[in-house]
Amino acid sequence: MKVVDVRTHVLLDPGFDPDATSSAQDTVVVEVETDEGIVGIGETDLNAWIARACIEAPATHTMDRGLRELLVGRDPLDPRARWQELYVGTAMTGRRGALIHALGALEIALWDICGKAAGVPCWRLWGEPARETLTPYASLQPEVSSFDAYVRSMVDWGVRARDLGFRAVKCEATFSGPYVHKGLRGPDENVVEVAAAVREAVGPELALMVDVQYAFDTVDRAAACADALAELDVFFLETPLWVDDLDGYAELRRRSPTPIAQGEWLSTHFEFDTLVERGCVDVVQPDIGRVGGFTEALRVCELARRNDLLVVPHAWKTGISVAAAAQLAMVVPHMPFFEFLPAELCESRLRKELTLDELVFEDGVLRPPERPGLGVELHLDALARFEEAARAISG
Ligand SMILES: [Mg+2]
């Protein structure tokens, strides 16, 4: 089998808000077409126009090529070998960051092709099932007009998620740092107040995660928060310090009674090697696209297993990324939860409309994906509409 074409789609939710911090408002989707008529799809999470440039750029020499031209003509049925070729062939621009994120979309599409060619879901290509059902967690999104409204909205979402059957929720509690929503700043005690209100509302049974989105500029601030959260039985505290403050993470992890999670922005297993070697985290959070695709995500899962760490991947995009996370969760026993926003509960039109997917949430769990490949199809009318919206702002 040979790859004959790579099509890159930049998509935008027409109702996007440039002041929002949600990366679910736009996306880049690839279709990798083969000479046998099988088309694989993939997605990744970065500036969609930059991703397209990484894929479509022409080359003038051998160590700095575009991903598309490296892939066309090659056999899609050996994704690990293709990953290595793309990684080396783009090394001067790539190795980390945007180019690896873009490579991830293509690599996911290659596994989709492999699954479709074999007539099995992707996870069956990687090993035995680690579980009979998948346990999703619900991400709660705040209303930010005031602190009272913030707390109320998180409590309402938490109760709604519990009533729908969710066994785990993650609440955003961000009042300082780069992610502060619409300027709603506040003291660090607000984080604990939000988490306490949600804990009280949902009860002791649900797993409760807290995401502060890089809020703290010192280990002392983060440690004080982690101490207070321990009394609320918080499953993990996500990204308390800036992503590159590895000394800070290592010290915080030594001091914190609450498990620390990080990794959503990292690319390649090499960056996770460093994070883990330096003792920075209890929970690693690869985003399957950004880390470089399934090949790299599986390496990160293996790294976590060897070091007795948990994996809870980041997946805040469309049904393609959700399907990818579900495939991975099927074979990773130390992945207790995975991020899952039911389409009917979310605001992003891309999440709601782009894909026809098979995952049905019932009694707090999802059944194993059984369709060939990733198990999702693109809704082509929606694809065209979102592509048009992206063209409208970029020409
Ligand atoms: Mg996060």
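**Domains and helix packing in a predicted model**

Mentor: In this predicted model, the domain assignment gives domain 1 as 3–120 + 378–394 and domain 2 as 125–374.

Trainee: How many residues does domain 1 bring to its contact with domain 2?

Mentor: The C-alpha centres of domain 1 and domain 2 are 25 Å apart. Domain 2 gives 33 residues to the contact, and the number from domain 1 is 42.

Trainee: Which element supplies the largest share of the side of domain 1 that touches domain 2?

Mentor: Elements that each supply at least two residues to this side of domain 1 are β2 (26–34), β3 (39–44), α3 (79–89), α4 (98–118) and α14 (380–394). The largest share amounts to 13 residues, and its source is α4.

Trainee: How many nonpolar residues has the side of domain 1 that touches domain 2?

Mentor: Sorted by class, this side of domain 1 has 9 charged and 14 polar residues. Its nonpolar residues number 19.

Trainee: Does Leu-103 count as buried or exposed?

Mentor: Leu-103 belongs to helix α4. Its contacts beyond four places in sequence are with Leu-67, Leu-86, Tyr-87, Gly-292 and Gly-293. A residue needs 20 or more other C-beta atoms within 10 Å to be buried. Leu-103 has 33 C-beta neighbours inside 10 Å, and therefore it counts as buried.

Trainee: What distance separates the C-alpha atoms of Leu-103 and Gly-42?

Mentor: Along the chain, Leu-103 and Gly-42 are 61 residues apart.

Trainee: At what angle do helix α5 and helix α6 pack?

Mentor: Helix α5 covers residues 147–164 and helix α6 covers residues 189–202, and their axes are 9 Å apart. The crossing of α5 past α6 is right-handed. Their packing angle is about 30°.

Trainee: How many nonpolar residues are in the contact of α5 with α6?

Mentor: On α5 the contact residues include Phe-147, Tyr-150 and Met-154, and on α6 they include Val-194, Ala-197 and Val-198. The contact also has 2 polar and 2 charged residues. Its nonpolar residues number 11.

Trainee: What radius of gyration does the protein have, and why does it agree with a compact globule?

Mentor: The C-alpha trace spans about 55 × 45 × 40 Å along the principal axes, and 51% of the 395 residues count as buried. A compact globule with 395 residues would have a radius of gyration near 21 Å, so the protein agrees with its value of 20 Å.

Technical notes:
Residues are numbered from 1 along each chain as its sequence is written. This is a predicted model: local features need pLDDT of at least 70, side-chain atom pairs count only at pLDDT 80 or more; totals for chains, interfaces and linings use all residues. Axes are lines fitted to C-alpha atoms, for helices over the stretch in contact, and angles run from 0 to 180 degrees between N-to-C directions. Helices (H or I, at least four residues) and strands (E, at least two) are DSSP runs, numbered from the N terminus. A crossing is left-handed if the near helix is turned anticlockwise from the far one by less than a right angle, and right-handed if clockwise. Two residues are in contact if their C-beta atoms, placed from the backbone, lie within 7 Å. Ala, Val, Leu, Ile, Met, Phe, Trp, Tyr, Cys and Pro count as nonpolar, Asp, Glu, Lys and Arg as charged, and the others, Gly among them, as polar. The radius of gyration is taken over C-alpha atoms; the globule rule is 2.2 Å times the number of residues to the power 0.38. A residue is buried if 20 or more other C-beta atoms lie within 10 Å of its own, exposed if 12 or fewer, and partly exposed in between; C-beta atoms are placed from the backbone. Domain bounds come from an automatic or database domain assignment.
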